[in-house]
Amino acid sequence: MMRFIITAVTAGILVACSPNPQTESEQQLSAEQGQAEQEQSMQYPQTRKGDTVDTYFGTEIADPYRWLEDDRSAETEDWVEAQNEVTFEHLETIPFRDKIEERLTSLWNYEKVSAPFKEGDYTYFYKNDGLQNQYVVYRKKSEDDEAEVFLDPNTFSEDGTTSLAQLTFSDDGSIAAYSISEGGSDWRKIIVIDSETGEQLESPLVDVKFSGISWKGNEGFFYSSYDKPEGSELSAKTDQHKLYYHELGTDQADDDLIFGGVEDEKHRYVGGYVTEDNRYLAVSAANSTSGNKLYLKDLTDPGAELVTVLDHTESDTSVLDNRGTTLYLETNLNAPNNRVVTVDASGPGVDQWQDFIAHSEHVLNPTTGGGYIFAEYMVDAVSKVEQHDYDGNKVRDIDLPGVGSAGGFSGKREQETLYYSFTNYSTPQTIYSFQPDTGASEVYVKSGADFDSEQYTSQQVFYTSKDGTKVPMIITHKKGLEPDGSNPTILYGYGGFNISLTPSFSIANAAWLEMGGVYAVANLRGGGEYGKEWHKAGIKQQKQNVFDDFIAAAEYLIEEDYTSSDRLAVRGGSNGGLLVGAVMTQRPDLFAVALPAVGVLDMLRYHTFTAGAGWAYDYGTAEDSPEMFEYLVNYSPLHNVEQGVNYPATLITTGDHDDRVVPAHSFKFAAELQDKAGGNNPQLIRIETNAGHGAGTPVSKTIEQYADIFGFTLYHMGYESLPTE
């Protein structure tokens, strides 16, 4: 989970209309009767119940589906196949599902180009012609040259499921190292090639996970990994992360261990990155997804040892840049909304820190490029950007194109032109070029999406949660929407790990917007929209605040007549999948449809898989104390499915290669729902094969998945045809 950005599912507004002469109430009744007949006859696969029982502080907890945690067993494989058979058979009966896929395909089919970046003699950029499964890396030497293909990940595998995860270059750009992900797994291979010829220079580095690739000049690079676990590499626990240095032309077995590997001092997340001038190596070491120790090594001195900058994990602190021996650190130590401080590398202790960009009421996310520091602030989850020089002076406020999310403003020190992107929920991403010396911006690449943004509007509202806290939410829909309580609505949330949901455009949800309806994104506690205090208000024994915030968002949408419980779907992924699982079990009456994706759903055992123990800062674990166990078991979605309750129509989605939130979470939750749920609403699971937590998923699979999700959602809101037909 770490700091992986979870992209919100953007949605829209559906106004029911049909070419047949039935009234809306007759149409709704007819649809519901047809669905009820079908769902009453739906036969779920039989899921064997085991007799596993765990004891926590004297309390016995049955875990009858423990066997589904074995992702290598034939029985689990057969179960996956049987579940998919039932799910896809149901999805194929949705009369308008193919039309949704057609529109998604059409919307997706436009050229997408990234901002360029310079390495050596070439300018590189990423481009997708429209429906390519993976972006292709192109390059050219001058503006007048025709771009040539440098790397085409679409050739890495026949089905497009092997993706390019990272691409970095040596100091002079002559050598490239890139990592690939196979089947969506977080385990990577690193391949080193000659940039000019494309020739592979050595055997790939293997078993690399949660790693950057940071070059030291042209000689080699730093990377991170775990020892290969015993048992399944997709689910076995990994909790000893290590930083290595790989010298080009040597065997991986001979790589130098730089940090980690001490048995009595394990760190689950270790990373190393080299300053642009190749002078310093910064090493970050953490045991959870929040808080890190920080060390520094002078690379100009072969005998230099690591120097401690911070020896505790009470803050998130990193080296932003340096000028000679002056370090610029980004930190939230004694500054919950972040600040930038300076300190000399010869004595980098906290007592020597000096404020450079002081703490303020808004969350700061700084970047560097073109000889300047850019301070991007979140003001109620939207962007404001300031430009500063290295003498500590504010140069200017950046004039952004509108209200939304701006990102970028980064590059090398001598770079004369920088680039940034701008987007919001109804505006496709546009890339702008920016001249740091003058502050001038102009459009560099305008989106070619076939979507008329002028027809839609976004409004930010503040609603009141259960304990009186004001929570922001952005609601997007077609202009002229009638607030009559009938509009199909998707409510999206995350609420965890200090991650902020800022306005961004989604091609998939452009189709949803075109079909009608409302898309609402709530900025829940547990996220980072208002800094560390907002995050801490939604962790451990404050986690219920997150669920209360989400429930209050749903109630607001209903009270304000955007929608009704019969037309409201709730969606979230990863930690957001936990969110959906929790609110659908706590308030099953509130939603028509629940869409938990790659969710953390077994809160008693999440920390026993892969790097899950690192999430304990947010969740706590069932072994911590009797109080923490009681708190977790009382909201854990898996453990709060009750016999005979009419839960919302549920489509759980996961990938069989998800080794971040292992699919066993989703498998066990689906089995529990199918065994206990009452009423006629289907409880289905859609398991993508050769897919992981989401990153690198081929476009073809993504389109199919969204067609299924949107089709399922509308169908179980009572629609026989698309709302716009």
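This passage walks through the overall build of one protein chain and then looks at a few of its residues.

The model is a predicted one, so local features need pLDDT of at least 70 and side-chain atom pairs count only at pLDDT 80 or more, while totals for chains, interfaces and linings use all residues. Residues are numbered from 1 along each chain as its sequence is written, and side-chain values use heavy atoms, with hydrogens and water left out.

The protein chain holds eleven helices and 40 strands; these are DSSP runs numbered from the N terminus, with helices being H or I of at least four residues and strands E of at least two. Its radius of gyration is 26 Å, close to the 27 Å that the globule rule gives for 725 residues, so the chain is as compact as a globular protein of that length. That radius is taken over C-alpha atoms, and the rule is 2.2 Å times the number of residues to the power 0.38. Along the principal axes, the C-alpha atoms fill a box of roughly 75 × 60 × 55 Å.

Of the 725 residues, 58% count as buried (under 20% relative accessible area, with exposed meaning over 50% and partly exposed in between; 1.4 Å probe, protein chains only). As for contacts (heavy atoms within 4.5 Å), among those between residues at least 6 apart in sequence, 60% join residues at least 24 apart.

Nonpolar side chains tend to be buried together in soluble globular proteins. Here, the largest nonpolar core has 120 residues, and W79, M473 and L491 have the most contacts inside it. Another core lies apart from it, with 14 residues that include V309, L310, V341 and A345. A core of this kind is a set of buried Ala, Val, Leu, Ile, Met, Phe, Trp, Tyr and Cys residues joined through side-chain atoms within 4.5 Å. Leaving aside neighbours within four places in sequence, L491 touches M473 and F550, among others.

L364 sits in strand 25 (residues 363-369) and is buried, at a relative accessible area of 1%. Not counting residues up to four places away in sequence, L364 touches several residues, including E330, R339 and Y377. Its C-alpha atom is 29 Å from that of K209, which is 155 residues apart from L364 along the chain.

Y178 belongs to strand 10 (residues 175-182) and is buried too, with a relative accessible area of 8%. Beyond four places in sequence, the contacts of Y178 include L151, F156 and I213.
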